[in-house]
Amino acid sequence: MRAPRTILFGWDAVQATGPAASDFGATALVCTDEQILASDGGSRLRSSLASAGVHAEYFAAAAPELPRSSIDQCLQFARSVDPDVVIGFGGGSAMDLAKVTALGLTHAGELDQYVGEGRVPGPIAPLIAVPSTAGTGSEVSPVAVVPDAAGTLKVGISSPALIPAVAICDPQTTLGCPRSVTAFAGLDALVHAVESYTAAQRLPDWADYPGPVFRGANPLTAELALSAVSLIGRSFERVLDVGDDREARAEMLMGSLKAGLSFAQAGNAGVHALQYPVGAQTHTPHGLGVALLAPYVFQYVLPSASQAFSEVAAALISEAAEPSPIPSAQMAVDEIARLVEVAGVPRSLAELGIEHGQLSGVAREATSIERLLRNSPRRLQVDDLERILEAAWNGDREPLKEGALK
Ligand SMILES: [Zn+2]
C-alpha cells in the first residue's frame, strides 16, 4: 500500500495548508485556477499560507483541457520561484499540473521521457494536493494525466514518486462545484472504486520489487473500494439535487479519497483504457467519457467477476427503499447505468460525437494501454473492445449480455 505520508480530512482542513507547507520551507508555488482561487476556499488557503509565514506565488491558469503550453509556462515560472513545496489546489488538472511541475523542478529533460509506468528516476519536489472536486483521487494517486507532445492524446505518467506528500481534503472547497462537474467527477470516483474492486488479483513477484505501479486488487484496496462504493451510492443523487448538502458533500469527498487510495494500488481497467482515446477524439471531460463507457465495459466483464459485482451491488443498493434479498451482479451494472442516466450523461458514443468508422481505431489505441487492461477481470483484446464499443456506440447493452447472440 502506498499513500501520502499525511492525509487530512475534514471541514476547514484547508486551514492546515500553511502549517503543512511550512514543514517544507518558506516558499510555495500554488498551481490552481482563477475561479477556485477567487472562491471562499481560495481565500482561506491564501490566508493560511500567509499566517504560517509561507511566501506563496500563484500560477492560476490550470484548465480542464490543459494545453502543453500551459505546462511549459508553469514550469518556467516555477523555476523562477524556486519553491520549497508545490501545492496543487483545484480539480484534477490543477493537481496534475502541480505533479508535473514538481517533477520538472527536480528532473531535467522533456516530460515525454517520463510517460508510462515507473519511469520517474527518484523523488520529486515536495507536493501538497488540495482537491476542490470529489472525483479524480489525484490527491493520493501516483498518476498525472497530461497531453502528449503533439497535443492530440492524453498520456499518463505513473510513478510512486508522484504521490503527494500531503493530501488535504476539505469538503468546504467542493460546495461551489457546479452540478455537471459534480456529476462527472462523482461518477469517475465511483468507477475508480468499481474497477479497482473488480480488478484481477495477481500474485506479487517480490524479486521484481518495486515492479508495476498498478498491481491488481488486494485486501486493503478491497475494503477501501467497497466503502467508497457505498458512500458514493448513498450521496451521489443527494449532492446532485442539493449542491450545498454538507453531509453528502463530505461523503462524496471521502468516497473519492477512498476510491483514489484503492485504484492507486490496484489500478483502473477497461473503462479507463477506452476513455483515453475517446476523450482525445471528442475533447470531452474524463469523467463524462468514463461514465458513458462504464455500463458497457462492466456488462461485458461481469461474467468473469460475478461475485465481486454482486458485492458491489450490495454496497451500492444497500439503502434502497425496497430491500432485495441478495442483489445480483447484474443489479450493480443496472444501478450504475441508472446513476449515469440521472447525471445527464449522453447514452451513446454516437451522441458523444464519435463516428462509427472511428471505433476500430479507438479499440486499437486502447489495446496499447496494457497497464490498465491487465487489471481487467476479463481479458480484453481488440475484438472484445470492438464489441464493447459497438454496443456503446448504439447505446444498447443487450448484445453484451451473457448468452446474447454475437
Ligand atoms: Zn478516472
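Is Ile128 buried or exposed? In this predicted model, Ile128 has a relative accessibility of 0% and therefore counts as buried, the cut-off for that class being under 20%. Ile128 belongs to strand 6, which spans residues 127-131. Leaving aside residues up to four places away in sequence, Ile128 touches Thr17, Ala20, Ala21, Phe24, Val85, Val86, Ile87, Gly88, Val166 and Ile168. Leu302, by contrast, is 174 residues from Ile128 in sequence, and the two C-alpha atoms are 37 Å apart in space.

Helix 5 comprises 15 residues, 92-106. From its first C-alpha to its last, helix 5 reaches 21 Å, close to the 21 Å expected at 1.5 Å a residue. Because 13 of its 15 residues are buried, helix 5 is largely enclosed by the rest of the structure.

The discussion now turns to the zinc ion. Its protein donors are Asp188, through OD, and His192, His272 and His286, each through NE2, at 2.1 to 2.2 Å from the ion. Along the chain, these donors follow the spacing D-x3-H-x79-H-x13-H. His272 is located in helix 9 (residues 270-282) and His286 in helix 10 (residues 286-301), so this pair ties together parts that are 14 residues apart in sequence. The two histidines can also be described by their accessibility: His272, at 2%, counts as buried, whereas His286, at 26%, counts as partly exposed.

Why is the arrangement of the four donor atoms irregular? The angles that they subtend around the zinc ion run from 86 to 168°, whereas a tetrahedral assignment requires all angles to lie between 85 and 135 degrees.

Definitions and conventions:
Residues are numbered from 1 along each chain as its sequence is written. This is a predicted model: local features need pLDDT of at least 70, side-chain atom pairs count only at pLDDT 80 or more; totals for chains, interfaces and linings use all residues. Side-chain values use heavy atoms; hydrogens and water are left out. Donors are N, O and S atoms within 2.8 Å of the metal (3.2 Å for Na, K and Ca); water is not among the atoms, so sites may look incomplete. Four donors count as tetrahedral if all angles lie between 85 and 135 degrees; four count as square planar and six as octahedral if opposite donors are over 155 degrees apart and all others between 65 and 115; anything else is irregular. Helices (H or I, at least four residues) and strands (E, at least two) are DSSP runs, numbered from the N terminus. Buried means under 20% relative accessible area, exposed over 50%, partly exposed in between (1.4 Å probe, protein chains only). The expected span of a helix is 1.5 Å times one less than its number of residues. Contact means heavy atoms within 4.5 Å.
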